[in-house]
Structures are given as C-alpha cells and as structure tokens.
Amino acid sequence: MASRSPATRESSAARDAVAALVARARAAQKIFERSTQEQLDDAATAAGWAIMSPEHNQALAELAVKDTGLGVVTDKILKNHRKTLGLLRDLKNAKSTGVIGDYPERGITEIARPVGVVAAVVPSTNPGATPANNVINALKCGNAVIIAPSPKGYTTCALLVKYVHAELRRIGAPEELVQHLPGPVTKELTNELMRQADLVVVTGSQSNVRAGYSSGKPALGVGTGNVAVIVDDSADCADAARKIMASKIFDNATSCSSENSVIVHDKVYAKMTAALAKEGGALLTAAEKEILQKAMFPGGMLSATVTAQPVKKICAVAGLTRAELVDAKCLLVEESGTGRSHPFSGEKLSPVLAVYRARNFEAAFEILRSIYEYQGNGHSCGIYSENEEHVRRLGHELTVARVIVKQAHTFATGGSFDNGMPFSLSMGCGTWGGNSFSDNLNYKHFMNITRIVRTIPANQPSEGDLFGAYWKRYGK
C-alpha cells in the first residue's frame, strides 16, 4: 500500500484535531442548551467580565500589541472595555431562550433555539475584543464556540479563553463551551473547523471570509472596510476635524470602520484642511506623497510594515524626515483619482488619510461612489452636513449598509452609547460587499427560531381585491 503524502497526513491530522474539539464542544453544548435564561445571562456576563476585569484587560491589551505588533495598548484597553460594556448593555433583558414571541392574531409562537457549535474566525487587528464579542453572543444563545485566531493573535486568544474558563468555573458552566484551535494555527485547521461547525462567523481577511462562505456551512462573513466621509459646505469643520482625527488615529487605525478618505466641498476646503492640521494632521507635498506611496504600496499591495503603525514609524519606513510629518498624529495625502492606480483611495489600515476636493455635493457623491466601486462597497460612509437632503441621498442611492451622520466612524459604526446601532466588531456589508447580512453582527445571528403555527380565521382575498387597481390602470 502506498504511503500517504505529507499533505494528506496534515489534512488527516487537522481533521482529527478539530473533530476532538468539536466533540467536546457538542457534549458541553447539549448540557448547556437546557439552561434557563438566567443561566445563559450569567454565562454571557461571565465571559464579559473575563475581558473587562481591569487586570485581565491590561494583560490582554499588552500581549496583543506585543505579539501582533499592531495598535496601541491604551486604545485596546478602551476598545475591550467599551465594546464589551456596550454589548452587555444590548443583551441585558434580551430573551434568547424559550418563547421570545407570541402572536395570537397570527397563530404564531416563536421559540429561540441554539445553533449548536460556532466557529469564530477572528483577526490579528482585534485579537481580544472580537473573540470576546463572539463568545458572549454565542453563550447568550446557548451555544458552544471554538475560536480560530490569527497566528499572531494566538497568545492573546489563549489567554482570553483561560480567563473565560476561570469565570465559567465560578458559575458552574462547562469550560468546553469555549475553546480555541491548537497552535500553531494553520489554514488547514481553520478551514477544517469551518467545515465541522454548525455556524461559521468570520471577521478579518477576505480570503477567510471566502473560505467561510465556501465551507458548506451557514456563514456570516464581513466585507472590506474603506470608509469615506463627505464634509459639505454646511458642516462645522472644527467638529468634523476633531471627530475624524480622533477616529482615524484610534489604535493606529486597526478598525475596519476607520476613515480612509475625506471628501471636502470646495467652499470649505481650506477651512477643513486647516482644522485637520490643528488636530494633528500633516499634509504631504506631491513629492512626499510619491515617496510614501512607494513605501506603503510596493507592487500595488498594502505593506505589512506600515499596517497599524504610528506615524513616526511609517515615516521611518518611507524615509520621510520633515519634522512636521514625523511629529504628526496623522498623515494627510491630497488625492484626486480612485482605483488601483491610486492606492491611497483604498483601505490603508494606518494613520494616513486621503483628502479629496469636490466642487459641490454632486461631485463629492460621485467621488464617493467611485471609491466604493474600487474598494469598501457595502460597508459604510459618513457625512458632516446640516442638509438632510444630502444625508438622505446617501441612504437612498449609495451602496452602503450604514450612513453615519456627524459622528466619529470608529466609535459609531460598531455601536455607540449615543446611537442605536448594536455594539459589534463585525459589520455585515450585504450583497454589495458579498455578504449574507447587512447589519451589525449581534446575538440574534446566533440563534435558530422554531415557530409553532396554529390555525386562525381565514384571510383569503378575492382576485378583485388584489388585481382591481391594476386591471383598472392597465386592463385585464
């Protein structure tokens, strides 16, 4: 008998390793799914405290930056705290087991049921906050979850799961409800997990998202971020600049919701660029822009050497030495084109912001549309304006799932305490972004609903009721 090839042996080993994890998860979930609402809430809260405990939060944030080399420790601490606090607020008093809806007039009773074992594929940019969000949502609905971290985020994920296990023990819940893939994490392990789980949730690279949708299992994958914001001639430029800059530099722009381009009406262009400069932005010359582009996009692809790095390091990588640039919070690059030949029009995952000048709102709208035809379609856009018609036009005509009005994108798109969006780190982009959903990932995506259907008085219309007006206008 011929010996198996190394690739075949690797595939078999991955299948067996994942099967063992899934078996333990299923056994724990079968017990857990009989929990009361109070017990499910306790489990979700336990997982929340596992990351929000100040000592844990500090350790996770420090380890994340140390091992991934991405982001800022203090910002990750705030992100871990804020995102988890907001999610637990959203979940408080939310029904996720038993009868969640009873509609006698329709003869329908809705019962929440678990989905089973969730595969949660998470990125290196948020190795603590994203898995915590998935774990909390999964437990809230009576599921087990197995996390597939990025290789760089493995240690952070392992520490988070260790903290979660300690909290689950405190409430008497099975530790096997929350597990992670063994290290070193490989594509084969991740893909095998997606094939064996009941539900796949993917946040991160588009290759992982595509693999999730191709896994043969129900999948919730997110689209590419490339947020662009319009500042029209009615905007408060000082307010817009303050919010855009705070959002752009947060955690060195690791968020998919971070602004990548700002499109400014010609009448307020000078005022807006001055306001951005006052907030710490530094505008590059044409020659400096060319130098930066070569460093950031070698071969037309975003370089990992600048991803989620501070301005000082980006300048060092590019060889930019002008003091105003090196000391800035964010680099501003004037741009006029879009598409592959204009890489600054795409997602930059760094404190670098493209600035466009538009002669009027119509021109700004077309620039925005062109940017999303290149990258970021379906995700979200923003606008600073007092003109409701401009806001509405974006909502009615632009292919985005969210229009964020006069808010710092990073803090608004994924839920905020002063808007109504669910707290999440995974934003669906609808069919525009190649996704199966267009809202913020939330606990409702982690449940099945069984409907008991009873008879009601018949409600059958006549043909005339439905076609009468049509026949009158167009004939029968």
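How many residues does helix α4 have, and how far does it reach from its first C-alpha to its last? Let me start there, everyone. Helix α4 covers residues 73-91, which gives 19 residues, and its reach is 27 Å, close to the 27 Å expected at 1.5 Å a residue. Before I go on, please keep in mind that this is a predicted model.

Let's stay with α4 for a moment. Its buried residues are D75, K76, K79, N80, R82, K83, T84, G86, L87 and L91. And what lies over them? The cover includes α2 (37-52), α3 (54-68), α5 (129-140), α9 (237-249) and α16 (409-412).

I'd like to pick one residue out of that list. N80 sits in helix α4, and with a relative accessible area of 5% it falls under the 20% cut-off, so N80 counts as buried. Setting aside residues up to four places away in sequence, N80 touches I51, M52, N57, L60, A61, G128 and A129.

Now follow the chain out of the helix. After α4 comes N93, in the loop between α4 and β1 (98-103). N93 has a positive phi, near 70 degrees, and it is a residue other than glycine. Buried or exposed? N93 is exposed, with a relative accessible area of 71%.

There is another non-glycine residue with a positive phi to show you. D251 has a phi of about 55 degrees, and you will find D251 in the loop between α9 and β9. Here the relative accessible area is 0%, so D251 is buried.

While we are on backbone geometry, have a look at G183 and P184. The peptide bond joining them is cis, with omega at about -5 degrees. P184 belongs to the loop between β5 (178-180) and α7 (187-196).

Next, two helix pairs. I mentioned α3 as part of the cover on α4, and α3 also packs against helix α6 (residues 154-171), at an angle of about 160 degrees with the axes 8 Å apart. Angles over 145 degrees count as roughly antiparallel, so that is the label for α3 and α6. Their crossing is right-handed. On the α3 side the contact is made by H56, A59, L60, L63, A64 and D67, and on the α6 side by T155, T156, L159, L160, Y163 and E167. Sorted by class, the contact has 7 nonpolar, 3 polar and 2 charged residues.

From α9 we have C237, A238, A240, A241, I244 and M245, which meet K271, M272, A275 and L276 of α10. The residues of that contact divide into 9 nonpolar, no polar and 1 charged.

One last stop, in a strand this time. S261 is part of β9 (residues 259-265). Its relative accessible area is 0%, so S261 is buried. What is S261 in contact with, leaving aside its neighbours within four places in sequence? The partners are V227, A228, V229, F344, S345, K348, L353, A354, Y356 and I371.

Note on methods: Residues are numbered from 1 along each chain as its sequence is written. This is a predicted model: local features need pLDDT of at least 70, side-chain atom pairs count only at pLDDT 80 or more; totals for chains, interfaces and linings use all residues. Side-chain values use heavy atoms; hydrogens and water are left out. Helices (H or I, at least four residues) and strands (E, at least two) are DSSP runs, numbered from the N terminus. The expected span of a helix is 1.5 Å times one less than its number of residues. Buried means under 20% relative accessible area, exposed over 50%, partly exposed in between (1.4 Å probe, protein chains only). Contact means heavy atoms within 4.5 Å. Ala, Val, Leu, Ile, Met, Phe, Trp, Tyr, Cys and Pro count as nonpolar, Asp, Glu, Lys and Arg as charged, and the others, Gly among them, as polar. Axes are lines fitted to C-alpha atoms, for helices over the stretch in contact, and angles run from 0 to 180 degrees between N-to-C directions. Angles under 35 degrees count as roughly parallel, over 145 as roughly antiparallel, 65 to 115 as roughly perpendicular and the rest as oblique. A crossing is left-handed if the near helix is turned anticlockwise from the far one by less than a right angle, and right-handed if clockwise.
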